[in-house]
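Here is a quick walk through a few spots in this protein model. Have a look at the sequence and the structure, then read on.

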Amino acid sequence: MWSLPPTDSVLHFLALVALTAEGMTAALAAGRRSMDYVGVCLLACITALGGGTLRDLFLGHYPLIWVANPIYLALPGGAALLTILIARLVHRLHLAFIVLDAIGLVVFTMIGCNVGWQMDASLPIVIVSGMVTGCAGGVLRDVLCNDVPLLFRSELYASVSVVTGLFYATAFGFNLNAELWTILTFVLGLSFRLLAVYYKWEMPKFVFAGDEEKER
């Protein structure tokens, strides 16, 4: 089995950034639905920690990260409250939402891959672990806000997570500098997601008109 990468302080720092970023995306989404402050904070915690919680439940990885470290509940909740205070100062909320969500997608994907690999999982499970961690929180946020999840919209989303996970997992098989590779993966994944949004890159669609549609 390939050796595990050493403890990555850069990834730990990016994890804190991602928790903050996803808390802010949740606050922006909650504001569009006129939620009260408690609802905003609750949505922030679900968004930031939902993907990791589902991953740990699927893999049997205990204790859950926010159970072992309750501070991880305070970080997205605090970020959500801060967003409430500064939201009116942000003139391009949609752009901020996309960038912050992209940060969360990429960083949480790397974290999920790390957890899967530390549990001695096979490469496909490592990639799925990263994808669940990266995508599920945003899906829960959008569903609770009665929005179509970004995962199911036109621009590449889950594909970005898969590519990011595959690129990041390369470091598990070779003796590469963990922190440098984390930075490279972050830049690659974030650039890929933002370019996909800007240029509207899409996966091929399956369009099928049933017999009932043809008869109309």
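Leu-195 is partly exposed, at a relative accessible area of 36% (buried is under 20%, exposed over 50%, partly exposed in between, using a 1.4 Å probe and protein chains only). You'll find Leu-195 in helix α8, residues 178-199; helices here are DSSP runs of H or I with at least four residues, numbered from the N terminus. Keep in mind that this is a predicted model, where local features need pLDDT of at least 70, side-chain atom pairs count only at pLDDT 80 or more, and totals for chains, interfaces and linings use all residues. Residues are numbered from 1 along each chain as its sequence is written, and side-chain values use heavy atoms, leaving out hydrogens and water.

Now for Arg-55, which sits in helix α2. Is Arg-55 buried or exposed? Arg-55 is buried, with a relative accessible area of 5%. Its contacts (heavy atoms within 4.5 Å), leaving aside residues up to four places away in sequence, are Ile-111, Gly-112, Val-115, Ser-129, Val-132 and Thr-133.

Here are the two residues side by side:

| Residue | Helix | Relative accessible area |
|---|---|---|
| Leu-195 | α8 (residues 178-199) | 36% |
| Arg-55 | α2 (residues 37-59) | 5% |

How values were computed:
Helices (H or I, at least four residues) and strands (E, at least two) are DSSP runs, numbered from the N terminus.
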